[in-house]
Amino acid sequence: MFLSILATPLVAQSPLTPSEFEARVLGETFDFGYVGSAPYGIERYLPDNKVIWSWGDGQCEAGKWYAEGPSICFVYDFDPDPHCWLYFAEGANTLAILQDDDSGGIYQLSPINRELVCDNFGM
């Protein structure tokens, strides 16, 4: 029920534009997970729309984001199928809705002040 209450105000907001999204994430590292749950991943946003994703286990995967209409889409080395999201500003956090996902889940990106550890990238 909490998610459906939270989703209603998001529908009334305009999603972040690609330039607004980039301004929020470039050079930053975020915990990633469902709103109200412990994060399950970490992502670092680099120049040229590059990203590094980790499930938090020290292994990382390279990826890239691009704009497609109002959505921000991601492809990764481990999964070349695009995953497209709508992003919304929520204070210091950024909320996200995965397109083509009927579950109604709201995700949250929370900025963190620690480095992303990637054993397989030497980071």
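Strands (E, at least two residues) and helices (H or I, at least four) are taken as DSSP runs and numbered from the N terminus. The structure is a predicted model, in which local features need pLDDT of at least 70 and side-chain atom pairs count only at pLDDT 80 or more, whereas totals for chains, interfaces and linings use all residues. Residues are numbered from 1 along each chain as its sequence is written, and side-chain values use heavy atoms, with hydrogens and water left out.

Phe78 is placed in the loop between strand E5 (71-76) and strand E6 (79-90), and with a relative accessible area of 41% this residue is partly exposed, a class lying between buried (under 20%) and exposed (over 50%), as computed with a 1.4 Å probe and protein chains only.

The loop between strand E2 (41-45) and strand E3 (50-54) contains Asp48, and Asn49 is also found in the loop between E2 and E3. Phi of Asp48 is near 60°, a positive value in a residue other than glycine, and Asn49 likewise has a positive phi near 60°. Asp48 counts as exposed at 57% relative accessibility, while Asn49, at 21%, is partly exposed.

Ser110, by contrast, belongs to strand E8 (residues 107-111) and is buried, its relative accessible area being 18%. Its side chain makes a polar contact with the side chain of Gln108 at 2.9 Å, such a contact being a pair of N or O atoms within 3.5 Å, of which, within protein, one must be able to donate a hydrogen and the other to accept it, and residues adjacent in sequence count only if both atoms are side-chain atoms. When neighbours within four places in sequence are left aside, Ser110 is in contact (heavy atoms within 4.5 Å) with Thr29, Phe30, Asp31 and Asn93.
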